[in-house]
Amino acid sequence: MSVDTATVKRVANLARIAVTEDDVSRMTGQLNTILGFVEQLNEVNVEGVEPMTSVTPMAMKKRQDVVNDGDKVADIVANAPTTEENFFVVPKVVE
């Protein structure tokens, strides 16, 4: 895949980036170089290679997916002017 000047101008317009004609020709070459490198990466055989989260093998720490109140109920309602059974009490605004 290669990029031409029309594509560079269109991408710059979509990204709302002002580019001059000199920048367009320079960016065309740079983008083609980047895409060439990506094409080289696509040629690498990665069959049987597991995805990595780190360069050193490690087990991810996982917590149980449980619903709880976070043990912060008292801290949360402490600054409220009025509470009732750990709920905020607010004045009625709908008649």
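Q: Why is Asp-23 called partly exposed?
A: Asp-23 has a relative accessible area of 23% in this predicted model. Buried means under 20%, and exposed means over 50%. The value of 23% falls in between, so Asp-23 is partly exposed.

Q: What makes Asp-23 and Arg-26 a salt bridge?
A: Their closest N and O atoms are 3.1 Å apart. The cut-off is within 4 Å, so the pair qualifies. Both residues lie in helix 2, 3 residues apart, which is about one turn of the helix.

Q: Is Arg-26 buried, partly exposed or exposed, and why?
A: Arg-26 has 44% relative accessibility. That value lies between the 20% and 50% limits, so Arg-26 counts as partly exposed.

Q: How do you know that Lys-9 and Glu-21 form a salt bridge?
A: The N to O distance between their side chains is 3.2 Å. A salt bridge needs within 4 Å, so this pair counts. The structure holds 2 salt bridges.

Q: Why do Lys-9 and Glu-21 get their accessibility labels?
A: Lys-9 stands at 38% relative accessibility. This is between 20% and 50%, so Lys-9 is partly exposed. Glu-21 stands at 54%. Exposed means over 50%, so Glu-21 is exposed.

Q: Why is Val-46 called exposed?
A: Val-46 has a relative accessible area of 53%. The limit for exposed is over 50%, so Val-46 passes. Val-46 sits in the loop between helix 2 (21-42) and helix 3 (73-77).

Q: How do you know that the protein chain is more spread out than a compact globule?
A: The protein chain has 3 helices and 2 strands, in the pattern α-α-α-β-β. Its radius of gyration is 28 Å. The globule rule gives 12 Å for 95 residues, so the chain is more spread out than a compact globule. The C-alpha atoms fill a box of roughly 70 × 45 × 20 Å along the principal axes. Of the 95 residues, 7% count as buried.

Notes:
Residues are numbered from 1 along each chain as its sequence is written. This is a predicted model: local features need pLDDT of at least 70, side-chain atom pairs count only at pLDDT 80 or more; totals for chains, interfaces and linings use all residues. Side-chain values use heavy atoms; hydrogens and water are left out. Helices (H or I, at least four residues) and strands (E, at least two) are DSSP runs, numbered from the N terminus. The radius of gyration is taken over C-alpha atoms; the globule rule is 2.2 Å times the number of residues to the power 0.38. Buried means under 20% relative accessible area, exposed over 50%, partly exposed in between (1.4 Å probe, protein chains only).
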